[in-house]
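Subject: Handing over a structure

Hello,

I am passing this structure on to you, and I hope you enjoy looking through it. Please open it alongside this note.

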Amino acid sequence: MTRGPLTVLYVTQTTHIQTMPPGDGAKPRSPEYRVAVDSLRGLRQDLFHDAFAYRPLPRRNPNGRIIRRLPGRLREYAIWTPHALIALVALITLLISGVDNDGQALLVVPLTVIPVLLTMIRPVGAFWASMVSTPLAAVLGSNWGEWPWAAGSFACHLTVLTVVAMRTRPRTAGWMWALTALYALIADAGIGPTYEYGGTNSGPMLVFSAMILLCVTVWHIRSAAAQEVTAQQTVTAHERSRRTLLEERTTIARELHDVVAHHMSVVAIQAEAAPYRVENPPPELEKAFATIRENAVAALTELRRVLGVVRAEDYEVPDAPQPTLADLDGLLANVRDAGLSVDKVAIGAVRELPQGVELSAYRIVQEALSNTLRHAPGATARVEIGYVLGGLGLRIVNGPPPNPSLVKPSPGAGHGITGMRERVTMLNGEMTAGRTDDGGYEVTVFLPVALPDEGDA
């Protein structure tokens with residue numbers, strides 16, 4: 001298809017129009033314009049948006065530095081101190097308005113008292129109520145000695161500015177003072193009986209209000225700085241505590257590694273090399289040394305896992321399966337190889353229990369049998385597991401050592417029973433441990449397990 005000159009020109013112009021970057025035709029805005037727009041947006045947000053929102057004045061903290069030292073009955077009243085002060089100022093404003101307006105007191109007094117009381121529930125709305133009531137009180141009052149603020153309105157507006165500034169942000173205080181100055185400028189420009197009946201009191205109002213609002217703003221800044229410092233100190237103390245805890249855990253891990261791991265490694269190596277030092281060792285001896293080595297290697301593996309947890313706070317435990325009651329036969333076989341005669345009896349219907357209960361039950365049986373090996377070598381033991389309604393029962397009992405005078409028991413640190421009690425307490429269970437009448441030892445444990453319907457409920 002042949003294109004003519006007009007077609008090429010149209011296509012060229014269309015392409016040029018489409019490739020023009022958007023916004024080139026818009027007029028750039030000056031920084032002053034953006035500042036003015038942001039200011040008006042702040043004015044709308046502070047004084048116009050939800051101006052009459054319900055914001056009750058909070059009570060004082062009963063745990064404050066001063067209130068907590070007061071007697072109990074007086075402390076209950078002291079938490080209402082801000083409300084009492086505002087009510088007192090409202091009463092003073094009422095008296096000033098009543099004295100200043102003898103004949104028109106019923107009309108003027110509500111206009112000067114209501115804005116003060118309104119600061120306790122609707123602070124920004126109280127400012128607008130004070131701005132509206134100021135010219136009304138001046139016009140309706142019987143004493144026009146001062147303009148544009150009558151005596152009662154003067155006290156009312158200063159109180160409202162102070163309370164609202166304390167309850168809002170410093171920027172709101174600046175906007176309230178600016179609007180007050182604007183009203184004073186308009187009133188002094190000739191709207192009202194200023195020059196006929198007396199002078200203007202706009203100057204004292206602006207000076208006093210500026211000083212008060214400046215003090216309130218400094219108080220706001222100081223409070224914010226104090227809160228920030230307190231927060232930083234709290235974070236610093238928390239980090240210091242975590243660092244100290246990590247250092248202590250690292251020290252414990254280092255000691256465990258240097259002492260326990262070293263000795264367990266020596267035991268494993270000696271158990272592996274011992275059969276080669278004896279010519280033609282009996283099979284029982286080789287099996288005993290093999291069992292010792294397997295237990296030492298297993299203990300080293302568990303120790304490394306524990307050291308990893310203790311060393312670093314963000315350590316991720318490997319996804320190794322935790323032992324359960326299904327692994328109890330292997331534990332009993334290991335104990336039998338160590339020379340302990342042990343029997344197991346299961347009562348009730350065997351069922352799968354929560355992992356925490358299974359692990360705790362396994363560890364309790366393991367610790368009880370270890371105590372039997374340590375304190376009653378050569379004794380017989382019995383493990384009873386009862387799957388009952390609502391829980392799991394354990395009973396590990398051993399008899400007295402056959403020859404206590406010939407075999408010296410291995411001393412322990414006494415942490416085994418404590419560890420078992422901690423596991424039982426964690427699961428809200430019950431445990432008893434003590435010696436039997438024949439000189440043995442018995443550990444009885446009950447671990448509660450919620451029924452399926454109770455867990456669903």
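Predicted model: local features only at pLDDT ≥ 70, side-chain atom pairs only at ≥ 80, totals over all residues.

Residues are numbered from 1 along each chain as its sequence is written, and side-chain values use heavy atoms, with hydrogens and water left out.

The sheet

Five strands form an open sheet of mixed pairing, in the order S1-S2-S3-S5-S4. Helices (H or I, at least four residues) and strands (E, at least two) are DSSP runs numbered from the N terminus, and two strands pair if DSSP finds at least two bridges between them. S1 and S4 (430-435) stand at the edges with a single partner strand each, so one side of each is left without a neighbour in the sheet. From one strand to the next, the twist averages 10°; here and below, axes are lines fitted to C-alpha atoms, for helices over the stretch in contact, and angles run from 0 to 180 degrees between N-to-C directions.

S1 (residues 341-347) and S2 (residues 380-388) run parallel and are joined by seven bridges. Ser 341 stands opposite Thr 380 in S2, and Ala 346 has Ile 385 as its bridge partner. S2 and S3 (residues 391-398) run antiparallel, with eight bridges between them. One of the partner pairs there is Val 388 with Gly 391. These two strands form a hairpin with two residues between them, and Gly 390 in the turn has a positive phi of about 95°.

Helices on the sheet

H12 (residues 328-337) lies across S1 and S2 and runs at about 160° to S1. H13 lies across S1, S2, S3 and S5 (441-448), at about 10° to S3; contact means heavy atoms within 4.5 Å. The axes of H12 and H13 come within 11 Å and cross at roughly 10°. The two helices are therefore roughly parallel to each other (angles under 35 degrees count as roughly parallel, over 145 as roughly antiparallel, 65 to 115 as roughly perpendicular and the rest as oblique). Their contact includes Leu 331 and Val 335 of H12 and Tyr 362 and Leu 369 of H13.

H2 (residues 31-48) and H8 (residues 170-188) pack at an angle of about 95°, with their axes 10 Å apart. That makes H2 roughly perpendicular to H8. Among the residues in contact are Leu 43 and Asp 46 of H2 and Arg 171 and Trp 175 of H8.

Aromatic pairs

How many aromatic pairs does a search of the whole structure find? There are four. Rings of Phe, Tyr and Trp (its six-membered ring) pair if their centres lie within 6.5 Å; planes under 30 degrees apart count as stacked, over 60 as edge-to-face and the rest as tilted. Phe 48 and Trp 128 form a tilted pair, 5.2 Å centre to centre and with 50° between the planes. This pair links distant parts of the chain, as Phe 48 in H2 and Trp 128 in H6 (residues 123-140) are 80 residues apart.

Best wishes
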